[in-house]
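Here's a set of exercises to work through with the model open in your viewer. Try each one yourself before reading the solution.

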Amino acid sequence: MRASGILLHISSLSGDYGIGKLGKQAYEFADFLKKAGQKYWQILPVSPTSYGDSPYQSFSTHAGNPYFIDLETLEDEGLLKPDEYKTIDWGTKGSIDYGLIYDKLFDVLRIAYNRYKKSGDSACDRFAKENGWTKDYGLFMALKFAHNGAAWYEWEKPLRMFNKREVEKARAKYSDDIGFWTFLQYEYAKQWSALKSYVNELGIEFIGDIPIYVAYDSVEVWTHPELFYLDESKTPIDVAGCPPDAFTAKGQLWGNPLYRWDAMEEQGFKWWIERLKSACTTYDVVRIDHFRGFESYYTIPYGSEDAIIGEWRKGPGMKLFKAVKAAIGKQRIIAEDLGFITKDVAKLLKASTFPGMKVLEFAFDPNGDSDYLPHNYKSSNCVCYTGTHDNETALGWVKSASRKELKFCRDYLNVKRNKDIPWGMIRAAWASIADTSIAQMQDFLELDSTARMNIPSTVGDNWKWRMTGDELSDELAERIYNLTKIYARI
């Protein structure tokens, strides 16, 4: 079925409390999607963010981001009073000050937790029993805050090495803090479930992202070092990244620990089965970032300053996805198959039957032979994007493209002015044979590079863009709806 959607992360929703929340603005955006005739709301990983504020570097694969907990909902539940959060300066609209939120939000959430404890409600305890991962996650976060935010590999050796005796002593010592972090996951899950139910009732589905790798400073690596390529001191041996290419002369050094795929296979890929089961419960469709890493993955010696020196190693291939299908059935997955794609990667994608991705910002090579040009699509089993969170906005691309690229782009899209290219790209995506087409909200709003979500391999200025609150007009919804109807994606 032909369909379309909009990419907008929860953090980018408007509102008064520093960052997008799972409250009224989220419901308003869902209503906007319905008016605009959209089937999908695509978001980035909703996991807690760590250093650098990237949703792709998280403390946990299962936990939700406490930043997204709606404070007004907590007030409605009797857990907060207006003057306990509405009088706080949460920063300017249209941008996110992560340092400000980190410094102020947890004190507010602690007030809600203390009230909840006095209520006698046992729902949080039931939630913890039903979600066993909260036990170690709660301890991990309690210890992290007890160590002033330091990564687990900087803690004292017995805790760093997950010594059973010392860990149990810590569980007793920090029991109240563990309860706090568990409570946050309970509240997050409750709010997410309510929003997802509302969105699904509108006939809209969530596409959610998961990164292929996990952060070194994560509860998974701390508690299960045997599944990662670490030495006896739990220090990485090699780490993840991408080799140099036409876009990055020194490659991309991500720094994530690599999987011991042999150890995972010996366990029947249980870790990945649980991860995908969780993701497929959270979202309706799961996009797996860096899918090519399942066929073969690039390894960089730990301690390298860039990704120039490295080697390719074989991944698990279809063995993993066959094990997942046998355990939890066929799942709806989008494979992020961008980058250096070999015949073996293409073979894996075909065998998986997952749709791959086409990105129009990569398409306009003046030679006209790009696989990303819509007339070159060989199958409808793909998702066509104007651009992703790692790319420029469409207007930002216009301002950075060469004259030859722009000339070819205007001719291809049949537009006369550069400023018409963003909507021309959207039209091309919607008109393509791709089963699904997606555009960033920034492209519908015709925003330039100041609204860019992320510049890969940089830290400090990413993940900050937000809507200010007046963007979701009926006129814009009607324009999107009409385009969607013309190209039979309603």
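**Exercise 1.** Does Glu-266 count as buried or exposed, and at what relative accessibility?

*Solution.* One thing to keep in mind throughout: this is a predicted model.
- Start with the location: Glu-266 belongs to helix α10, residues 261–266.
- Next, the accessibility. Its value is 71%, and the cut-off for exposed is over 50%, so Glu-266 counts as exposed.
- For a sense of distance, take Gly-20, which is 246 residues away along the chain: the C-alpha atoms of Glu-266 and Gly-20 are 41 Å apart.

**Exercise 2.** Find the strand order and the pairing sense of the open sheet with 8 strands.

*Solution.* 
- Reading across the sheet, you get β9-β6-β3-β2-β1-β12-β11-β10, and the pairing is parallel.
- The edges are β9 (333–335) and β10 (356–359), each of which pairs on one side only.
- From one strand to the next, the twist averages 25°.
- Now zoom in on β1 (residues 3–7), which pairs with β2 in the parallel sense through 3 bridges. Within that pairing, Ile-6 has Trp-41 of β2 as its bridge partner.
- β1 is also joined to β12 (residues 436–440), again running parallel, by 5 bridges. There, Leu-7 sits opposite Gln-440 of β12.

**Exercise 3.** Work out the order of the open sheet of 4 strands and its pairing sense.

*Solution.* 
- The order is β5-β4-β7-β8, with antiparallel pairing.
- At the edges you find β5 (252–257) and β8 (311–314), and each pairs on one side only.
- The twist here averages 50° from one strand to the next.
- Val-239 faces Ile-300 in β7.

**Exercise 4.** At what angle do helices α16 and α18 pack, and which residues meet?

*Solution.* 
- The helices are α16 (residues 421–431) and α18 (residues 474–486); they pack at about 40°, and their axes are 10 Å apart.
- That angle makes α16 oblique to α18.
- On the α16 side, the contact uses Trp-423, Ile-426, Arg-427 and Trp-430. On the α18 side, their counterparts are Leu-476, Arg-479, Ile-480, Leu-483 and Thr-484.
- Sorted by class, the contact has 6 nonpolar, 1 polar and 2 charged residues.

**Exercise 5.** Where is Gln-185, and what does Gln-185 touch?

*Solution.* 
- Gln-185 is part of helix α8, residues 175–201.
- Its relative accessible area is 2%, so Gln-185 is buried.
- Skip the neighbours within four places in sequence, and the contacts of Gln-185 are Ala-63, Gly-64, Pro-66, Phe-127, Trp-133 and Tyr-137.

**Exercise 6.** How many disulfides does the model contain?

*Solution.* 
- The test is a pair of cysteine sulfur atoms within 2.5 Å, and by this rule the count is 0.
- Cys-242 is buried, with a relative accessible area of 17%.
- Cys-280 comes out at 18% relative accessibility and counts as buried.

Methods: Residues are numbered from 1 along each chain as its sequence is written. This is a predicted model: local features need pLDDT of at least 70, side-chain atom pairs count only at pLDDT 80 or more; totals for chains, interfaces and linings use all residues. Side-chain values use heavy atoms; hydrogens and water are left out. Axes are lines fitted to C-alpha atoms, for helices over the stretch in contact, and angles run from 0 to 180 degrees between N-to-C directions. Helices (H or I, at least four residues) and strands (E, at least two) are DSSP runs, numbered from the N terminus. Angles under 35 degrees count as roughly parallel, over 145 as roughly antiparallel, 65 to 115 as roughly perpendicular and the rest as oblique. Contact means heavy atoms within 4.5 Å. Ala, Val, Leu, Ile, Met, Phe, Trp, Tyr, Cys and Pro count as nonpolar, Asp, Glu, Lys and Arg as charged, and the others, Gly among them, as polar. Buried means under 20% relative accessible area, exposed over 50%, partly exposed in between (1.4 Å probe, protein chains only). Two strands pair if DSSP finds at least two bridges between them.
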